[in-house]
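Here is a short tour of one protein, strand by strand. Take a look at the sequence and the model first, and then we can walk through the details together.

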Amino acid sequence: MTVHIDDNLEQRPDGAVACRHCGTAVGVAAEPLRDALVRERDPQDAGPSVRAEPAHFTDRRVVLRLTFCRGCLTQLQAEIVPADEPSFRTRNLAVGR
Ligand SMILES: [Zn+2]
């Protein structure tokens with residue numbers, strides 16, 4: 001059975017997580033975005049509501065981390081995070097772990 005995760009992702013019966021727009025596999029249940037493309041930019045590139053320089057609040061480098069389908073470049077996730085931290089916006093679809 002195919003399960004719709006959100007507007008852009010679905011989990012196939014074989015466990016692969018794929019883009020709902022082009023069918024490209026981007027991960028597996030335990031790591032749904034494992035094979036997606038990641039691009040990091042300045043946080044202010046997120047839009048006009050992000051104006052403050054992160055350096056005013058932290059010594060750590062902060063980035064806008066964008067995740068895309070590698071097949072059709074649909075944006076799958078966006079987060080503003082310290083550059084040296086992994087993504088905390090993860091989805092784990094695995095059962096029984
Ligand atoms: Zn796609």
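This is a predicted model: local features need pLDDT of at least 70, side-chain atom pairs count only at pLDDT 80 or more; totals for chains, interfaces and linings use all residues.

## Ground rules and overview

Two strands count as paired when DSSP finds at least two bridges between them.

Of the 97 residues in the protein, 15% are buried. Looking at contacts between residues at least 6 apart in sequence, 38% join residues at least 24 apart.

## The four-stranded sheet

Four strands form an open sheet in the order β1-β2-β3-β4, and their pairing is antiparallel. The edges are held by β1 (3-4) and β4 (25-28), and each of them has a single partner strand, so one side of each is left without a neighbour in the sheet.

Within this sheet, β3 (residues 16-19) pairs with β4 in the antiparallel sense over three bridges.

## A18 and its surroundings

Is A18 buried or exposed? A18 counts as buried because it has 22 C-beta neighbours inside 10 Å, where 20 or more are needed for that label. Leaving out residues up to four places away in sequence, A18 touches E10, R12, G23, T24, A25 and V26.

## The largest nonpolar core

Which residues make up the largest nonpolar core? This core has 10 residues in all: L9, V17, A18, C19, V26, L33, A36, F68, C69 and L76. Its largest share, three residues, comes from β3.

F68 is another member of the core. Setting aside its neighbours within four places in sequence, F68 is in contact with A36, L37, R39, L73, T74, Q75 and L76. Among these contacts, A36 and L76 also belong to the core.

## The three-stranded sheet

Now for the other end of the pattern. An open sheet of three strands runs in the order β5-β6-β7, again with antiparallel pairing. Here β5 (37-41) and β7 stand at the edges with a single partner strand each, so one side of each is left without a neighbour in the sheet. From one strand to the next, the twist averages 20°.

The pairing of β5 and β6 spans five bridges, while seven bridges join β6 (residues 62-68) to β7 (residues 75-82). R65 of β6 is a handy landmark: E40 stands opposite R65, and the bridge partner of R65 in β7 is E79. Other bridge pairs can be traced as well, with R39 partnered by L66 in β6 and V62 partnered by P82 in β7.

The hairpin of β6 and β7 has six residues between its strands. L73 is found in the loop between them, and this residue has a positive phi of about 65° although it is not a glycine. Why does L73 count as exposed? The reason is that L73 has 12 C-beta neighbours inside 10 Å, and a residue with 12 or fewer is classed that way. L73 is also one of the contacts of F68.

Further along, I80 is found in strand β7. I80 counts as partly exposed because it has 16 C-beta neighbours inside 10 Å. Not counting residues up to four places away in sequence, I80 touches P43, A46, V50, V62 and L64. I80 and R41 are 39 residues apart in sequence, yet their C-alpha atoms are 9.4 Å apart in space.

Technical notes: Residues are numbered from 1 along each chain as its sequence is written. Helices (H or I, at least four residues) and strands (E, at least two) are DSSP runs, numbered from the N terminus. A nonpolar core is a set of buried Ala, Val, Leu, Ile, Met, Phe, Trp, Tyr and Cys residues joined through C-beta atoms within 7 Å. Two residues are in contact if their C-beta atoms, placed from the backbone, lie within 7 Å. Axes are lines fitted to C-alpha atoms, for helices over the stretch in contact, and angles run from 0 to 180 degrees between N-to-C directions.
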